[in-house]
Amino acid sequence: MKACLPQLPQRLLLLGAAALAASALETADLVDLCGQTWQGDGLLLRSHAASRRFYFVAPDTDCGLWMRAAAPGDRIRFQFRFFLVYSLAAAPRTPPGPPAPNASSPEPADPCAPGSYLQFYEGPPGAPRALGAPLCGLTIPAPVASSGPFLGLRLLTRGRQPRVDFVGEVTSFRLGSCGAYFRCRTGRCIPWSLVCDRWGVDNCGDGSDQASWPPADCRGQSWVRPRPH
């Protein structure tokens, strides 16, 4: 069912009902998590199972996902490692719909109109706020970080022959005192379960959680360090 941007906040009111609890670093496909809330230490999120080999081309897709930090006080950081979102032919332009109830701020201008795009949102799910402009094209966007425990992501395909293929890295992190967390060179703190992970994901953003020297001390191996007690 086709939807327009102003309808999203009302739609996202329902996403907090179903939560997927997770720990350590997992992999998932956005198309399998539509309408859900994921929570965990880290996630390697693909647009679809065949990402990097085949485009996800389902037209009129409207898929939302909330990502929740692993622990109170944590935030969510999303970094793309591959990005491709566009449509071969744009959809006809339509007048904007009425403002949705519970919308705390107006939707941003749509530089991707009227083709396919991704949009990030700040939480909480009951009152989402657009975070930045819609994302589309072939250039890998800059990393996005939430100011609270929730980060929302919405995929909308519009027009003829949409082309969607992306891989992103989701990290639960905190600032300040790391406590039982691993301290990155940048000062960001991440769960030890993400250090030296088997996929080599750069959860720190500076490579220090995958380094072969202390404190990560991966030594060229892929392994998961147990959580300290």
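These notebook entries record what I looked up in the predicted model shown above.

**Ground rules.** I am working from a predicted model, in which local features need pLDDT of at least 70 and side-chain atom pairs count only at pLDDT 80 or more, while totals for chains, interfaces and linings use all residues. I number residues from 1 along each chain as its sequence is written, and side-chain values use heavy atoms, with hydrogens and water left out.

**Overall fold.** I looked up the secondary structure and found one helix and 13 strands in the protein chain, taking helices (H or I, at least four residues) and strands (E, at least two) as DSSP runs numbered from the N terminus.

The protein chain exposes about 10,600 Å², of which carbon and sulfur atoms supply 56%; accessible areas come from the Shrake-Rupley method with a 1.4 Å probe, and for residues only the protein chains shown count as cover. Among contacts (heavy atoms within 4.5 Å) with a separation of 6 or more, 67% are between residues 24 or more positions apart.

**Disulfides.** I then turned to the cysteines and found five disulfides, each being a pair of cysteine sulfur atoms within 2.5 Å. With the bonded cysteines numbered in sequence order, the pairing is 1-2, 3-4, 5-7, 6-9, 8-10.

**C34 and C63.** The sulfur atoms of this pair are 1.8 Å apart, and the disulfide is left-handed because the torsion about the S-S bond is about -110 degrees. C34 lies in the loop between strand 2 (25-29) and strand 3 (36-39) and C63 in strand 5 (residues 62-68), so the pair ties together parts that are 29 residues apart in sequence. I find C34 partly exposed at 33% relative accessibility, whereas C63 is buried, with a relative accessible area of 1%.

**C178 and C189.** Here the sulfur atoms are 2.0 Å apart, and a torsion of about -75 degrees makes the disulfide left-handed. C178 is in the loop between strand 11 (160-173) and strand 12 (182-183), and C189, eleven residues apart from it, is in strand 13 (residues 189-190). Both cysteines are buried.

**C196 and C218.** I list this disulfide with an S to S value of 2.0 Å and a torsion of about -90 degrees, so it is left-handed. C196 and C218 each lie in the segment after strand 13, and the pair ties together parts 22 residues apart in sequence; C196 and C218 are buried.

Key: Buried < 20%, exposed > 50% of the residue type's maximum accessible area, 1.4 Å probe, protein only.
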